[in-house]
Amino acid sequence: MSILANEDTRVLVQGFTGREATFHAEQCLAYGTRIVGGVVPGKGGTSHLGLPVFNTVQEAVSGTGANASVIFVPPAFAADAIMEAADSGLELVVAITEGIPALDMAKAWSFLRGRRTRLIGPNCPGLISPGKCKIGIMPGHIHRAGRVGVVSRSGTLTYEAVDQLTRLGIGQSTCIGIGGDPIVGTNFIDAIGLFNEDRETDAIVMIGEIGGTAEEAAAAFVRDNVRKPVIGFVAGQTAPPGRRMGHAGAIISGGSGKAEDKMRAMREAGITVCLSPAEIGERVKERL
Amino acid sequence: MRVHEYQAKGILAGYGVPVPRGEVVYTPEEAEAAARKFENGVVVKAQVHAGGRGKGGGVKLAKDAQEAFAVAKKMLGMKLVTHQTGPEGRTVHRVLLEEALPIDRELYLGIVLDRSIGKPVFMACAEGGVDIEEVASRSPGSILKEAIEPGQGLNPFQARKLAFGMGLPPAAVGAASKAMIALARAYESVDASLAEINPFILTTDGRVFALDAKISLDDNALYRHKDLLELRDLNEEDPLEVDASRFGLNYIKLDGNVGCMVNGAGLAMATMDIIKYAGGNPANFLDVGGGASAEQIQNAFRILISDKNVRAVLINIFGGILRCDVLATGVVAAAKELQIGVPIVVRMEGTNVEEGRRILQESGLNFTVAEGMRDAAEKVVRLAQ
């Protein structure tokens, strides 16, 4: 099994006709994802990649029966696109867009409260349930279907971890990039909770990074709720304080957000913490 | 993006936060002329993007215009060293002259984004003028907090709660609340990621002022604040970082000798970590992004190499969708054009990886091809020694 998305998930692409969206929609289609159409205001009634384009998410949902969307809309309009998707009742919204103003996200975050929509991202690679469906920009071929759940704040570092797993013959149930921004729709606790409930996930890999205290909160959750093996890594052990390390959310500020604090909290919660990013696969293998 | 104290005060004043009368100057002569406008002496404050200026000699009192001249003369051009600048310090290019005010109390006001609740949080503390992080770790309960609902600003009742909570005399609560609401309005209006007034003062005659101010702007929102872009001071940034930012590269200079070029922020941080783990020290953080072009790779290389401490370079690319043959071609072209002399270790994965490795090996250049991150880190650290 997998969490959040599977072969039946019907996906819309918001910002469908853009260059990145087009490229990745093609990749997702080739992977077998059921992309059912797209939304581009003003281009309703046309078609793209052989699929219908709608002016609004509402119309697209009526027209296609979609229950998920993936957002490639430029940063200035992306928070609005998230709210539009939630307003139309989509169950799953994956926001790939990087660079959304933080206060726009704060607004969208408030809007999502009390609604049924689960937002993944923004500023994330999306999610993949290997062999079933890929809603994101990760290279599909490095994944392999299996029983390890992966949740991460990073993109390429997740690919690295997944690649190590696959090379060791360890498949993945679902891999979720939750995003590198300070405000994200789904946090570690949400994803780990879902993997914990999933009967076909045997172990969980969490890849954190400096900034904020999401890893510490997740560690407390794992300690109290999770009986499956959890293997973790925190990027930025050598990052200087006060500098934003690529991701908007990756910054040690006011003495909080340090890798060492996160690693200590994770270790104390019984999580196997990898010191080196090269040993993630091996540590998972040991704990399976 | 960070701005200077006087710029932050200019922004805050625009939204109704009371700030002391003041003027920014660039020469001792200007300082002398400006100081004549203030009858009770002035405070001369070095304008650099770093906290702890007082302890480093960057804040001085001058009782008259002559003294202001002397103080400014000493301060302008000096290397100001504080706990935030590192030992190399920052050169002072401008100073702020402000009226001296009779201080009764020093408080703290600040707004940051609280990730756990997904909205900004207003913080207030009766203990101001000191390092707030130190207060937070010593007595976290003394910092009062109110969440700001996006689009709503700080409500008057929240401001009153904070003002009374800090123990302000009732007569000052009105003015303090007004200033707090204005601070919240400024924070939202300019898309700040941090806005801080430390200290926020109550004067002996019952007035309130932002005696110091710090604002960091959300880089992602700068596109809608073209006017604020002018406030960027390139003197405050590392020249290599400024250069990198022009090409959309995320570069941060560090003090090791292993240069790194990586795609993706998380992998770039992890690469720094594994270099350390292998016994070396990273010279930089450099994220070339997901779809780096040949031009970007070339510029990334040039910037990386202009750091004279770099003894060896590690290129770590998890291609995925980026094709390794394209990457290898770009790397070879850049290495040839820039005549790079230091050894380069390349670790790449992804589509067409075999073809990519062949291109590197047949280039006749000093490339070492690595298998996996551990191998790459060990090789590059050895080469850098």
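**Exercise 1. Determine which residues of H5(A) meet which residues of H9(B), and describe how the two helices pack.**

Solution. A:Thr156, A:Leu157 and A:Glu160 in H5(A) meet B:Gly266, B:Leu267 and B:Ala270 in H9(B), where contact requires C-beta atoms, placed from the backbone, to lie within 7 Å, and where helices (H or I, at least four residues) and strands (E, at least two) are DSSP runs numbered from the N terminus. The model is predicted, so that local features need pLDDT of at least 70 and side-chain atom pairs count only at pLDDT 80 or more, while totals for chains, interfaces and linings use all residues. Residues are numbered from 1 along each chain as its sequence is written, and chains are lettered from A and ligands numbered from 1 in the order in which they are written.

Next, consider the geometry: H5(A) and H9(B) pack at an angle of about 70 degrees, with their axes 5 Å apart, the axes being lines fitted to C-alpha atoms, for helices over the stretch in contact, and angles running from 0 to 180 degrees between N-to-C directions. H5(A) is therefore roughly perpendicular to H9(B), a term that covers angles of 65 to 115 degrees. The residues of this contact divide into three nonpolar, two polar and one charged; Ala, Val, Leu, Ile, Met, Phe, Trp, Tyr, Cys and Pro count as nonpolar, Asp, Glu, Lys and Arg as charged, and the others, Gly among them, as polar.

**Exercise 2. Describe the side of chain A that touches chain B.**

Solution. Begin with the totals: 45 residues of chain A are in contact with 43 residues of chain B. Helix H3 (75-87), helix H4 (102-112) and helix H5 (156-167) of chain A each supply at least two residues of that side of chain A, and the largest share, six residues, comes from H4(A). By residue class, this side of chain A divides into 24 nonpolar, 15 polar and six charged residues.

**Exercise 3. Identify the residues that touch the most other members of the largest nonpolar core.**

Solution. A nonpolar core is a set of buried Ala, Val, Leu, Ile, Met, Phe, Trp, Tyr and Cys residues joined through C-beta atoms within 7 Å. Of the 162 residues in the largest such core, A:Ile71, A:Ile82 and B:Leu286 touch the most other members, and the largest share of this core, nine residues, comes from helix H9 (residues 265-277) of chain B. Leaving aside residues up to four places away in sequence, A:Ile82 touches A:Ile71, A:Val93, A:Ala95, A:Ala108 and A:Leu119.

Note on methods. A residue is buried if 20 or more other C-beta atoms lie within 10 Å of its own, exposed if 12 or fewer, and partly exposed in between; C-beta atoms are placed from the backbone. Angles under 35 degrees count as roughly parallel, over 145 as roughly antiparallel, 65 to 115 as roughly perpendicular and the rest as oblique.
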